[in-house]
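The following exercises are to be worked with the sequence and the structure in view. Each task is followed by a solution in steps.

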Amino acid sequence: MTVVDRPTAAVKAAKPRRRVVGVKGSLTAWLSRPLADFHLLLAIFGLLTAIGLVMVLSASVPGEVAVGASAYSVFQKQLTYVAVGAVLFWVAMRIPLRQVRHLSTMAMLVCVLLLVLVLTPLGTDINDTRSWFVIGPVSFQPVEAAKLALALWGAHVLVTKRALLNQYRHLLVPVVPVALGVFALVMLQPDLGGTITLGVVLLSLLWFVGAPMRVFGVLLLGAVGGALVLAIGATYRLARVLSFLDPEADPLGAGLQAQQAEYALAEGGLFGKGLGQASSKWDYLPNVHSDFIFAVIGEELGFLGCAMVLGLFAMLAVVGLRIAARNTDPWIRMVAATLTVWLVAQAAINIGYVVRLLPVTGITLPMISSGGTSVVTTMVVFGLLASCARHEPEAVSALRHIGPGRVGGVLRLPAPEAYKPPPKRKPVRPSTPPRAPGRRAAAPQPPDERRMAGRSAPPSEYRRRESRKATQDRSARTRRTGRDGR
C-alpha cells in the first residue's frame, strides 16, 4: 500500500462510523420527542394485535375442522373480542386518569363481588374450573378484570398513604389483606395461573412503592410454601410438576404438551415451515391456539418469528418503564410500571413453559393467544398505558400548545391535564368537647411537662414563664442579701 492509498482507506473506514453515529443521533433525537413513547406504544399494540389474529386463524382451523365445526369459528370469536377491545382501548385513552383513579375503589369492590358470585351456581364450570360467567354466546372471566382493578386501586391506596409508608401497618394494610382475600377466591375456582399473575401485580405495587426487602422475603417464602401445598394437594397439579421434572416419564399424558411443543419449535428451525404449514396443530398439541400458540409461531415462522415476538415484549418493557420514569404524577408512575411488569411477566411465564423452563400453568400469551376476556382486558391495559404516555410533562405541554397531532386528531383525543400536586393540609386543631347542660366548664388541665420532656418535646410557654419567674426571684434575693450585708 502506498502513501497515497492510506488517506483513501482511512476515509472509507470512517464512512460506516459516520453512518452509525448519524443513525444513533437520529434515533436519539426521535426518542426525545414529546410523543415518542405514545407512538411506540401504538406501534407495539398494532403489531401484537395483527400477529395474534393471524396466528389464531392459522392455529385454530385444523382443530375446528376435525370436530365438524366451522373452520373460522374461533377466529370469528377472536375478531369480535378484538373489535370490542379496540373500542374499550379508545375509551381508556379518552377517560381522564383522575376519574380512573376515583373509580378504582368501586371497581375493586365490584370485582371482589364477581369473584364471590362466580363460585355460586351463577358461575359455569369449564375444564374443571368454575371461573366463568356464560351468558348466551358471551363468556366472561372476572379474574382478568380483578388484576386490573388491583393494580389501579392498590396504587391509589399506596400513593394516598405515601407519607406513612415507613410504618408496616400502613404499608401492608389494606392492600395486602385484600389481595390475599382475592387470591383465596381465585384459588377456590381453582385457577393457579390467575393467582400467579395477581401475585405479580401485588409484588410490583410493593416494589415500586419502595417496600423493604424483608417484606418481599416473607411474601416469597409464603408463596413458595403455598405453591408446594397446592401442588401436593391436587393430583393434576402434582402431575404437572412431575412432568416438568421428567417429561419423558409420561409422554402420552402429563408430558404430552411439553414434548409436542418442543418438537414444534425444533421443526421450525431458523425460518420456519411457512405460515399455515405447522403439523403440531393437527391434534398433536392440545390447546394449541390458546396456551401453546408460541409453539406454532416457532414452527411456522421459525426462530425469526419467535425473536420478533420476544423483541416486541422487550420493547414494551422498555417503553412502559420509560413512561413511568418520565411522569411526575406518583399514581401514574406506579400504575404504568405495574401494568408493564404484569404484561411482560405474563408473556415470560407463557413462553417459559412452552420452552420447558417452567411448569405448565395455563397462562395465556397477551394479545396473541385466543381468549375473549384476556384480549379485551389487555387492550384496556394498553389504552391506559397510552393515556399515561400522553400525560408526560413534555407531551402535555406539546398537546396543549401545538395541538393533538395526526394520531390524536384522528382518534379525537382530548388534551391531557397537567399534574397538580395536592395542596398541603394544615394541621387540624382538636375541637373542644361539648359541655353537658347545667354544668360549668372545667378548667383546662396544665400539660404534663415531664411526659412532654421525655418525648423530646420543645419547652412550652408555661415552662418559659416559670423559668423567668425563678430567675427574677433569685435576682431579688441576691439584691436583698447584698443590702443586709452592708
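**Exercise 1. Helix packing**

Task: At what angle do helix 13 and helix 14 pack, and how far apart are their axes?

Solution. The model is a predicted one.
- Step 1. Helix 14 covers residues 372-390, and helix 13 packs against helix 14 at an angle of about 145 degrees. The two axes are 10 Å apart.
- Step 2. The crossing of helix 13 past helix 14 is left-handed.
- Step 3. On the side of helix 13, the contact is made by Ile-332, Ala-336, Leu-339, Thr-340, Trp-342, Leu-343 and Gln-346. Helix 14 contributes residues that include Val-381, Phe-382, Leu-384, Leu-385 and Cys-388.

**Exercise 2. A lysine in a helix**

Task: Is Lys-147 buried or exposed, and which residues does Lys-147 touch?

Solution.
- Step 1. Lys-147 belongs to helix 5, residues 142-160.
- Step 2. A residue is buried if its relative accessible area is under 20%. Lys-147 has a relative accessibility of 3% and therefore counts as buried.
- Step 3. Leaving aside residues up to four places away in sequence, Lys-147 touches Gly-194, Thr-197, Leu-198, Val-201, Trp-342 and Gln-346. Trp-342 and Gln-346 also take part in the contact of helix 13 with helix 14.

**Exercise 3. The sheet**

Task: In what order do the three strands of the open sheet lie, and what is the sense of their pairing?

Solution.
- Step 1. The strand order is 1-2-3, and the pairing is antiparallel.
- Step 2. Strand 1 (124-126) and strand 3 (138-140) stand at the edges; each has a single partner strand, so one side of each lacks a neighbour in the sheet.
- Step 3. From one strand to the next, the twist averages 50 degrees.
- Step 4. Strand 2, residues 129-135, pairs with strand 3 over three bridges. Val-134 has Ser-139 of strand 3 as its bridge partner.

**Exercise 4. Aromatic rings**

Task: How many aromatic pairs does the structure hold, and which parts does the pair of Phe-292 and Tyr-353 tie together?

Solution.
- Step 1. There are four aromatic pairs.
- Step 2. Trp-207 and Phe-216 make an edge-to-face pair, with 5.5 Å between centres and 65 degrees between the planes. Phe-216 is buried, at a relative accessible area of 7%.
- Step 3. Phe-292 and Tyr-353 are also edge-to-face, at 5.5 Å centre to centre and 65 degrees between the planes. Phe-292 lies in the loop between helix 11 (256-268) and helix 12 (293-326), while Tyr-353 lies in helix 13 (residues 330-354); the pair therefore ties together parts 61 residues apart in sequence. Both residues, Phe-292 and Tyr-353, are buried.
- Step 4. One aromatic cluster is formed by Phe-45, Phe-89 and Phe-382.
- Step 5. Over the face of Phe-38 lies Arg-390, at 5.9 Å from the ring centre.

**Exercise 5. Backbone geometry in loops**

Task: Where do Pro-174, Pro-190, Met-367 and Arg-412 lie?

Solution.
- Step 1. Pro-174 is in the loop between helix 6 (168-172) and helix 7 (175-187); the peptide bond from Val-173 to Pro-174 is cis, with omega near 5 degrees.
- Step 2. Pro-190 is in the loop between helix 7 and helix 8 (192-208). The bond from Gln-189 to Pro-190 is cis, with omega near -10 degrees.
- Step 3. Met-367, in the loop between helix 13 and helix 14, is not a glycine, yet has a positive phi of about 70 degrees. Met-367 is buried, with a relative accessible area of 4%.
- Step 4. Arg-412 lies in the loop between helix 16 (405-411) and helix 17 (449-454), with a positive phi near 55 degrees. At 66% relative accessibility, Arg-412 is exposed.

Technical notes: Residues numbered from 1 in each chain as written. Predicted model: local features only at pLDDT ≥ 70, side-chain atom pairs only at ≥ 80, totals over all residues. Heavy atoms only, no water. Pairing = 2+ DSSP bridges. Helix = DSSP H or I, 4+ residues; strand = E, 2+ residues; numbered from the N terminus. Axes fitted to C-alpha atoms, helices over the stretch in contact; angles between N-to-C directions. Buried < 20%, exposed > 50% of the residue type's maximum accessible area, 1.4 Å probe, protein only. Contact = heavy atoms within 4.5 Å. Phe/Tyr/Trp six-rings, centres within 6.5 Å; stacked < 30°, edge-to-face > 60°. Lys NZ or Arg CZ within 6 Å of the ring centre and 35° of its normal. Left-handed = near helix turned anticlockwise from the far one by under 90°.
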